[in-house]
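Good morning. Please have the sequence and the structure open while I talk.

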Amino acid sequence: MTDQTQATSERFGFGWVAGGLPPPVTVPVEYHLHAMRTALGAPAFRGRVLDAGCGEGVDLASVVLSDGCDAVGLELSAGGIRATAARIAGSECARLIQGNLLALPFSDSCFDGAYSYGVVHHTDDPSLAVREIARALKPGATLLLYVYEDFSNRSLSWRLALSAVNSVRGLISRRSPATIRRFCAVAAPVVYLGCTLPSRYFRWAASFPYPITQNPTVCSLIPDLYDRFAAPVEMRYSEAGARQLVEQAGCRVRRSARSRGWMIWAEKLPSQRRTGY
Ligand SMILES: C[S@@+](CC[C@H](N)C(=O)[O-])C[C@H]1O[C@@H](n2cnc3c(N)ncnc32)[C@H](O)[C@@H]1O
């Protein structure tokens, strides 16, 4: 494991258990997987499904309840594994494996579907990460992927806002996880009052050049901000770049959508025929 991957594991692991272990999920939660399906119009999963980088396990616990499939959560950090174990407690259909997306501990073509929300752009090699997920998929299987957007086709104000956030990130991200978390706890009410509430109640503010505007509570903003400021690696993509990520892995894009980043619905091609690269 590289130093950077180790740092990624420690940062995320700290974040997932900083507030204590979460309660089990007993009814499906409309979380990140639901957001991808809604934006892309993608159907439910069947068979054996991989949650690549399951984080604290909300989607993993929910997908077995909502889709009636068997799901395997793969997560790098020990903290994420502990939190996910708490989320799936009592579920017979969800399994959990600690591992690295860049060297998946699965044989070829063993999953009927996979999804990965907000993970590959935090790895040392996002192209390899997507190739690994695709390798583990059966031909014809569905892949749902979400990556951060690079704002290249947004207005100047959005690009300036991203630069400002990145500058703060440059200053904060080298601090200890506890310090970053404290910073996020202080910043959350400011972002909530300045961005979240106005964009909820005033139409003019919906176009605020700041991506975190949909959180229901101040507290729910803290992990989102922590994600943004604590991750050692953060890659961003244009729509073409996001599509290329899955195409170079031997998948065909069925649909893409922009929703706080790029969401891609792809299908693994029958052979290992790869486009590009
Ligand atoms: C932003 S979180 C997203 C978690 C979850 N997918 C969700 O939607 O809430 C990114 C997660 O990816 C995990 N991760 C980062 N690099 C990874 C890698 N190389 N292998 C496996 N998991 C990784 C992190 O530990 C973290 O839990």
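How many bridges join strand β1 to strand β4? Three, and the two strands, residues 48-52 and 111-117, run parallel. Strands here are DSSP runs of E, at least two residues, numbered from the N terminus, and helices are runs of H or I, at least four residues.

A word on the source: this is a predicted model, where local features need pLDDT of at least 70 and side-chain atom pairs count only at pLDDT 80 or more, while totals for chains, interfaces and linings use all residues. Residues are numbered from 1 along each chain as its sequence is written, and side-chain values use heavy atoms, with hydrogens and water left out.

Now the sheet. Seven strands form an open, mixed sheet in the order β3-β2-β1-β4-β5-β7-β6; two strands pair if DSSP finds at least two bridges between them. β3 (94-98) and β6 (251-258) each have a single partner strand, so one side of each lacks a neighbour in the sheet.

Next, the domains, with bounds from an automatic or database domain assignment. Domain 1 covers 3-149 + 236-268, and domain 2 covers 156-230. Between them they bury about 1200 Å², that is, accessible area (1.4 Å probe) lost on being put together, summed over both parts. On the domain 1 side, R11, F14 and R260 supply 54% of the area buried against domain 2.

Which side chain does R260 meet in a salt bridge? That of D224, at 3.6 Å, N to O. The rule asks for a side-chain nitrogen of Lys or Arg within 4 Å of a carboxyl oxygen of Asp or Glu, and it finds one salt bridge across this interface.

How values were computed:
Buried area = accessible area lost by both parts, 1.4 Å probe.
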